[in-house]
Amino acid sequence: MSTKADVESLEYLFHPRSIAFPGVSSNPANPIGDTLIGPSLEIEFDGGLYPVNPKGGEWRGLKIYPSLKEIPGPVDYVVSLLPASAAPKLMEECVAKGVKLVTFFSAGFSELGTEEGRRLEAEILEVAKRGGVRIIGPNCFGIYCPKTKLCSGLAFPKEAGNVSFIGQSTSIFFYMVRAGSSRGARFSKAISYGKACDLNESDFLEYLTQDPDTEIIAAYLEGVKDGQRFLKALKAAAELKPVIIYKAGYTEAGAKTAASHTGSLAGGDAIWDAIFKQMGVIGVYSMDELMDLILLFLFMSPQKG
């Protein structure tokens with residue numbers, strides 16, 4: 001399990017000075033720009049926003065840079081929509097530029113079960129480790145942190161709250177923030193982490209346990225990377241804060257979906273029910289139930305006995 005220093009070391013993920021967006025096109029008919037940069041403009045991100053495309057041009061008045069190295073000044077965070085085949089070269093550019101965090105929006109890595117997918121994932125991990133770069137994803141949307149004006153979804157609230165959510169599914173990530181918004185819940189942080197080839201559920205759970213801005217932790221899990229580490233993180237979190245988890249894959253169809261999305265083994269429902277009971281975690285069986293329990297802890301006073 002991470003030490004307190006390790007947990008605190010993830011704080012920089014939520015405070016980038018600037019963000020670059022490789023894969024953005026100057027073509028106004030291409031919606032990628034709106035998907036990637038639109039949320040940062042909408043939430044009025046304070047730092048630099050840099051579209052990147054070898055063809056150059058402009059996007060909504062922002063200069064499109066041909067490469068990361070041509071961006072003036074530091075780039076802390078990269079959000080990429082480039083295909084998996086272009087990921088190793090991009091990661092080399094990130095190391096050379098001193099980038100701290102990369103979110104890979106695209107799929108096409110080991111979750112496909114192909115030799116090529118596994119090779120590409122291993123390659124970006126090797127380069128990232130050598131250069132001190134952390135990865136969220138692939139196949140995800142990354143970070144939403146309204147306090148620091150980090151946003152990865154259009155029409156997300158600008159107001160910060162005390163609920164934090166981690167999830168592998170992008171659709172559930174969007175559902176949680178928007179459903180919470182419509183029902184009065186506001187988020188401190190929400191993280192869509194997809195395949196979790198580097199940063200995973202244990203990293204984020206350990207961080208949120210120590211995060212003073214997080215009072216309630218909610219999660220949607222399709223699988224875990226390191227069972228022993230996860231159990232320790234889960235126990236530590238549940239001793240300090242309400243932890244509510246919707247575990248995918250309770251049915252055979254759900255397990256197949258989890259495997260195809262992130263390459264995770266879902267595990268049996270009886271095992272997860274026992275784990276949640278032992279750790280003091282609240283397990284739920286639907287998204288509606290997950291949101292209902294968040295609201296329960298958010299708006300009701302704790303029981304006295």
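Predicted model: local features only at pLDDT ≥ 70, side-chain atom pairs only at ≥ 80, totals over all residues.
I began with two helices: helix 4 (residues 87-97) and helix 5 (residues 115-131) pack at an angle of about 5°, with axes 9 Å apart. Helices here are DSSP runs of H or I with at least four residues, strands are E runs of at least two, and both are numbered from the N terminus. Axes are lines fitted to C-alpha atoms over the stretch in contact, and angles run from 0 to 180 degrees between N-to-C directions. Helix 4 and helix 5 are therefore roughly parallel to each other (angles under 35 degrees).

Next I looked up who touches whom, with contact meaning heavy atoms within 4.5 Å. Helix 4 brings Ala 87, Pro 88, Met 91, Glu 92 and Val 95, while helix 5 contributes residues including Leu 120, Ile 124 and Val 127.

Residues are numbered from 1 along each chain as its sequence is written, and side-chain values use heavy atoms, leaving out hydrogens and water.

Then I checked confidence (pLDDT, the predictor's confidence in each residue, from 0 to 100). The protein averages 90, and 90% of the residues score at least 70. I will read two stretches with care: pLDDT stays under 50 over residues 1-6, and also over residues 257-266. The model has nine contacts beyond four places in sequence for residues 1-6, and 28 for residues 257-266.

Key
Parallel < 35°, antiparallel > 145°, perpendicular 65-115°, else oblique.
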